[in-house]
Amino acid sequence: MSLLIDNIGLLYTGDPEREELTGAAVVIQDDRIEWVGESGRAPQTDERHDAQGRAVIPGFVDSHAHLVFAGDRTAEFNARMSGQSYSAGGIRTTVAATRAASEEALDARMRALVAEMRAQGTTTVEIKSGYGLTVDDEARALRLARQVTEETTYLGAHVVPQGIEADAYVRLVTGDMLAACAPYAKWVDVFCERGAFDGDQTREILTAGTKAGLLPRVHANQLTEGPGVRIAVELDAASADHCTHLTDADVEALASSNTVATLLPGAEFSTRSPYPDARRLIDAGATVAIATDCNPGSSFTSSMAFCIALAVREMRMTPLEAIRAATYGGARALRRDDIGVICAGNRADLVVLDAPSYVHLAYRPGVPMITRVFSS
Ligand SMILES: [Zn+2]
């Protein structure tokens, strides 16, 4: 089936050759983009969608989300907004609820969040484990996630659960748990942070994951400066996520590497913390992505548009840099070159905005603006 999306007022392609086109059209053939060009010059198609002068952008690529969980942390958020500080320990609350939940309940919650994301323009989402922290519970989370996305991440090293010594837990994460999870995972991730896993443990876990055929990514430098970013770059991780507290050496390392700096401003918003300095990273030449970090504790938003608005207002990104980071940047953070850019041959993931420009995502924050989502 071929479809023409015609009368696009402003097409943000993400293609560096022609990043923005006015008066544009796109032709989709089945699940692929076949043609991009000037409205009125498109080849014949079976069907036609009139965009009526609206803006069209690539589907958002949300490269960092934790969607397999049970329970709720409203009380913790409420307490934090009433003056208490956030520490990594809150993860254990969700771990207890997730272990106690049925597979059906976890699956339903995850699918509801994926649907919520899709309705808001997200056409690719990465999903992590990390709320099971036993061999069976981690494998269960990844088995469920694998049913809705190919971008699945083994995060057994989210936090050391209660009742086990850190060294013994690292042996489990690099041993039996890894063996049980690797068949369902593409990526391996570690929360490298004070109170979670230190540099040596992070390197050991990522190296074990790589040997099992997984690709590394790291929760790095969220709450404090630490070795996370350096290890990510050293191991050629696809992404170092958070990057809130960086030294000059960290910024230089990211800028001269293939490792994307994935910024998660929803986490700073929801923990009332200082935002990462996107300007510093971009000016140094690093590739930046924006993602939601959707999780019940520190960032319970599924909205990429909200994160774009935060990036522009709070992280000194231009609207163009923010839309690029939410599409092309996310694709780079997943080492994908078939999504995040509207060009012939790529997947037919497109979003029609009820606005004349992508700038409105930041200009009109909080306003629903996604009118149509085309997803391969
Ligand atoms: Zn995360």
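In the predicted model described here, strand β7 gives the most to the lining of the largest pocket, with four residues. That pocket holds about 330 Å³ of space. It is lined by 15 residues, and those closest to its centre are T123, T124, V125, V148 and S375. Both α3 (103-119) and β7 (122-125) supply at least two residues of the lining.

The zinc ion has four donor atoms. They come from H64 (NE2), H66 (NE2), H219 (NE2) and D293 (OD), at 2.0 to 2.5 Å. The angles that these donors subtend around the zinc ion run from 81 to 164 degrees, which makes the arrangement irregular. To count as tetrahedral, four donors would need all angles between 85 and 135 degrees. Along the chain, the donors follow the spacing H-x1-H-x152-H-x73-D. The pair H66 and D293 links distant parts of the chain, 227 residues apart. H66 lies in the loop between β6 (60-62) and α1 (74-81), whereas D293 lies in the loop between β14 (288-290) and α12 (304-314). Residues count as buried under 20% relative accessible area. H66 is therefore buried, with a value of 3%, and D293 is buried as well, with a value of 2%.

Helix α5 (residues 166-174) has a buried side, with Y169, V170 and V173 as buried residues. These three cover an arc of only 100 degrees around the axis, which puts them on the same side of α5. An α-helix has 3.6 residues a turn, so residues three or four places apart point the same way. The face of α5 turned away from the buried side carries D167 and R171, which are exposed. Among the elements that cover the buried residues of α5 are β9 (152-157), α6 (176-181) and α7 (199-211).

Another buried residue, Y358, is found in a loop, between β15 (350-353) and α14 (360-363). Y358 counts as buried because its relative accessibility is 8%. Leaving aside residues up to four places away in sequence, Y358 touches L10, Y12, E20, A55, I57, P319, L320, I323 and L353. From Y358 to V233 the separation is 125 residues in sequence and 32 Å in space, C-alpha to C-alpha.

Terms used
Residues numbered from 1 in each chain as written. Predicted model: local features only at pLDDT ≥ 70, side-chain atom pairs only at ≥ 80, totals over all residues. Heavy atoms only, no water. Buried < 20%, exposed > 50% of the residue type's maximum accessible area, 1.4 Å probe, protein only. Arc of directions from axis to C-beta. Contact = heavy atoms within 4.5 Å. Donors = N, O, S within 2.8 Å, 3.2 Å for Na, K, Ca; no water. Tetrahedral: all angles 85-135°; square planar, octahedral: opposite > 155°, others 65-115°. 1 Å grid on protein atoms, 1.4 Å probe; cavity = no way out; pocket = protein on both sides within 12 Å on 5 of 7 lines; lining within 4 Å. Points joined across faces, edges and corners; volume = space filled by probe spheres on them.
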